[in-house]
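Good morning. I will walk through one structure today, a few places at a time. Please look at it first.

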Amino acid sequence: IELKHIKKCYTKDVPVIYDFNLTINEGEFVTFLGPSGCGKTTTLRILIGLLEPDEGMILLDGRPITDYPLAVLHRDISYVPQENFLFSDTLEENIAFGLEDRIADNPAILDAVKQAAKDACIHDNIMGFPDEYKTMVGERGVTLSGGQKQRSSIARALLKDSAILILDDSLSAVDTDTEEQILENLMETRQGKTTIVIAHRISTLQKADHVAVLSDGKLTEYGTPEELLELGGFYADISHKQQLESELGS
């Protein structure tokens, strides 16, 4: 994935992203870090074709993203947004939504659905519901917590098993231990595939191959967690603050 000189404005002459350049190699686990409003989500939405940049281009395997049919992008990229959306249907059908077949037509899919739910750390919660995987979501059924909605959406993306997986701050509503377990499962099941995560917890950032730090729409730091810690910039400040908070909390 190559982003070349990307610029995006929501209002005239006020860029959210300006002259943004980044290359992510196949199979890498990359995290995005930065203050609110710095352009992280905008960058990812441009990367997957949900937004068009005002300037610059995105290349996938050396070809402009505009050369690819939408069907190919939908097949090869899974995106879990900040605002999770579940349909008024059973949990099993919600998780299986990205597949061509419905569970009602192909019951064998259910085993893969359950494995994806385990990898997203939502399986135990589902088994605790009276109707388990057939629990209805939405107005007629159970109201899920924010963390359960996030993990159900992550399970849907994991089941699809796309070449590129993007989690747009999709772990914010789960506790630290659950987040670490999900990430361990991701790293095990997605070897050789590209994973991009917007994150804020150092426990997540430390697992990345590279960390991209954004500020005012520009890439200000990029490197391994160890390199950025030595750099002494934004990443190092966040790391030291969270470490201090952890020590004070204990």
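What we have is a predicted model, in which local features need pLDDT of at least 70 and side-chain atom pairs count only at pLDDT 80 or more, while totals for chains, interfaces and linings use all residues. Residues are numbered from 1 along each chain as its sequence is written, and side-chain values use heavy atoms, with hydrogens and water left out.

D61 sits in the loop between β4 (55-60) and β5 (63-64). Its phi is positive, about 55°, although D61 is not a glycine. Strands here are DSSP runs of E, at least two residues, and helices are runs of H or I, at least four, numbered from the N terminus.

C121 also has a positive phi without being glycine, near 60°. C121 belongs to the loop between α4 and α5 (123-127), and is partly exposed at 21% relative accessible area.

Now to helix α7, residues 176-189. Its 14 residues reach 20 Å from first C-alpha to last, close to the expected 20 Å, the expectation being 1.5 Å times one less than the number of residues. Which residues of α7 are buried? They are T178, E179, I182, L183, N185 and L186. Seen down the axis of α7, these fall within an arc of 160°, so they line one face of the helix; the arc is taken over directions from the helix axis to the C-beta atoms. On the face turned away from that buried side are the exposed residues D177 and E188. The cover over the buried residues includes β3 (29-33), α4 (109-119), α6 (146-160), β7 (164-167) and α8 (202-205).

I202 is in helix α8 and is buried, with 7% relative accessible area. Contact means heavy atoms within 4.5 Å. Leaving aside neighbours within four places in sequence, I202 is in contact with Y235, I238, S239 and Q242. The C-alpha atoms of I202 and L33 are 9.9 Å apart, across 169 residues of chain.

Last, the cores. A nonpolar core is a set of buried Ala, Val, Leu, Ile, Met, Phe, Trp, Tyr and Cys residues joined through side-chain atoms within 4.5 Å. In the largest, of 41 residues, I95, V113, V211 and Y235 touch the most other members. Helix α6 gives the most to this core, 5 residues. Apart from it lies another core, of 27 residues, including F20 and F32.

How values were computed:
Buried means under 20% relative accessible area, exposed over 50%, partly exposed in between (1.4 Å probe, protein chains only).
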